[in-house]
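This report is intended for a reader meeting the structure for the first time. Please keep the sequence and the model in view while reading.

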Amino acid sequence: MSKKSTVIARQEAYINKVEKEGFDFGLTVADAFVRSIRDLGYKSCGTALDELIDNSVEAGAQNVHVAFGYGKSDAKPESIAILDDGYGMVKKMIRAAVVWGGTDREGSRNLFGRYGYGLPSASVSQGKRFTVYSRTESGPFHAVTMDTEEIGLGKYIDLKTNRVVVPQPTVQELPKWVVDYANKNFPDGVDGLSTVVVWEKLDRLTWKTTKVLETKLLEHFGLVYRGFLRQTAITVNGKKVESLDPLFVTPGARYFDLDHDRAEALPELPIKVKSGDGKKEHVVKLRISYMPPTFFSIDKTRPAQGRNANPRLAIRKENHGIVVCRNGRQLDVIVRNPLTTFVNYDRLIGLELDFPAELDEEFGVTTAKQQITISDRIWDRLKEAGFLRILEDLRRRRREDDGDVSALLEASPEIPRPSERVMEEAEAIVRRRPAPEEVEREAEVNLQKEVDRIAEATGIDPKVIEKKKNEEIASKPFKVETESITGGPFFRVEQRGGQMVLLLNKAHRFFTDVYSGVPGVEGRQLRTGLELLLFAIGQCELDAPTAVRATYVSERIEWSNRLNVLLTLAQDQVDPDREYPEESEMPGEMME
């Protein structure tokens, strides 16, 4: 039996069951209930639409579209439709789906749905009228319409029982605008559709204009369904949703390679949790990432404020804390909790908990699936697994990186770093070989690339950038910069015109464990010595013949790999008994 046949058989079994129990498709309560349920409290139009997309994914849909219908103007939608090519619903199941609690997946722990409240609750939260069209095979659609205003007027009252009852499904044509949209955008056009839900009389949309609604939904669905977009393509108003990882460590996801800065993926932490009866063990996964201090800036020499903030910052603001997912579907973000409180600077630390549906009770999942309450038992398991130690390590790293990188980025070209001054003074003493022609050509190419990169990132005229860079080179022939390349060498050198640049890789343990490992004056002395060492090696590399330079490049990769392993092993040898505080309170930082 195919999966579709299994689903349809399950629907029919459910209908037979409730009919035998005397269910008459009544809403069970009248107008007051429907009015109150409109205030259920969806955070946005996006979270309301999530309920219907959940249903589509559950129904095996490979394509889900959210389409906008218009009246006189296309500036603001008057209707919204959710279209899918899933298994569809038998006639009586369409009727049951409109009822609060009507679901053939009651109590299911697979994927998303359990209660059967999502479709009607989400629909009336955004508009006063909704219609569900569906079919399990090709042919006409059957549909049921519910209108909250008409409920108040008594249209749905069964005269025999004096109860509000969902009407029988009837054969209905899809709205013309839905047909036109499907034929233009949906695979196989209208023939490919199985279920369509249309919202009308929209009076509570969070985002009202087409442009804002489209932008917000593309971002929202990219976050919530990032783990499902390979199996189910989601499209908003004809535009395909891209996966969006709030930890920014998924190659190919939106904003992953926005610029040369990269987030670093740390080892995943599996947390074993036994079920309430203690018979079965489940795994909660903790994903962790670390972002460099310049990660949210467009111009990396300036703070991520105002127009200099790139799109990543807005994503992190919305997902600042512990992102919580259920079966890979994002539900909520926890900021304040029994273990720690996340502050603004913690945005550079990405954390995601993904739990299986079998642990719903431990995470307090609500019927609307947009808020969770984690139990004390789960917090205890996180603490036992070393969550606080990991968090404190990352906070320490952030403070060190931020302080050191700020010094690097905020240094004026007229006030070079000590190592840069020393290198400039040594030019009069140390005799260097004439630069090979290929090095000179490469230096000009590198300078032009840097000019183009800054111009693209800032929108400033390349000629203006080139002039400023030449002024900087004249006053500062040696320069220290940072970059973040996961798996890259711990340092490299680059000649840009007349300037030699030492680039330190913040994603390598050399930077975190050695270069930035000592605070205060001693730290500055250490960093100056390390910079001079690497400048000296880099000078020898740039002065060497082509064949020898190639050896430097290949050997540097090997040095970096070995050094990373050695520093990892050294961590526990140097300070095996170190203790970690349970909380990190950073003076002067505003709490979220």
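The structure is a predicted model, in which local features need pLDDT of at least 70 and side-chain atom pairs count only at pLDDT 80 or more, while totals for chains, interfaces and linings use all residues. Residues are numbered from 1 along each chain as its sequence is written, and side-chain values use heavy atoms, with hydrogens and water left out.

**Helix 7**

Helices (H or I, at least four residues) and strands (E, at least two) are DSSP runs numbered from the N terminus. Helix 7 spans residues 176–185, and Val178, Tyr181 and Ala182 are buried in it. Seen down the helix axis, the buried residues of helix 7 fall within an arc of 100 degrees, so they line one face of the helix; the arc is that of the directions from the axis to the C-beta atoms. Buried means under 20% relative accessible area, exposed over 50%, and partly exposed in between (1.4 Å probe, protein chains only). An α-helix has 3.6 residues a turn, so residues three or four places apart point the same way. On the other side of helix 7, Lys176 and Lys184 are exposed. The cover over the buried residues of helix 7 includes strand 1 (63–69), strand 2 (79–84), strand 8 (195–202) and strand 9 (233–236), where contact means heavy atoms within 4.5 Å.

**Salt bridges**

A salt bridge is a side-chain nitrogen of Lys or Arg within 4 Å of a carboxyl oxygen of Asp or Glu. The whole structure holds 38 salt bridges. Three of them are listed here.

| Pair | N to O distance |
|---|---|
| Lys128 and Glu149 | 3.2 Å |
| Glu494 and Arg492 | 3.1 Å |
| Glu450 and Arg496 | 3.7 Å |

The salt bridge between Glu450 and Arg496 links distant parts of the chain, with Glu450 in helix 14 (residues 437–458) and Arg496 in strand 17 (residues 491–496), 46 residues apart. Glu450 is buried, at 8% relative accessible area, and Arg496 is buried at 3%.

In the pair of Glu494 and Arg492, Glu494 is buried with a relative accessible area of 14%, whereas Arg492 is partly exposed at 24%. A network of salt bridges links several residues, among them Glu450, Arg492, Glu494 and Arg496.

For the pair of Lys128 and Glu149, Lys128 is partly exposed, with a relative accessible area of 24%, and Glu149 is partly exposed at 37%.
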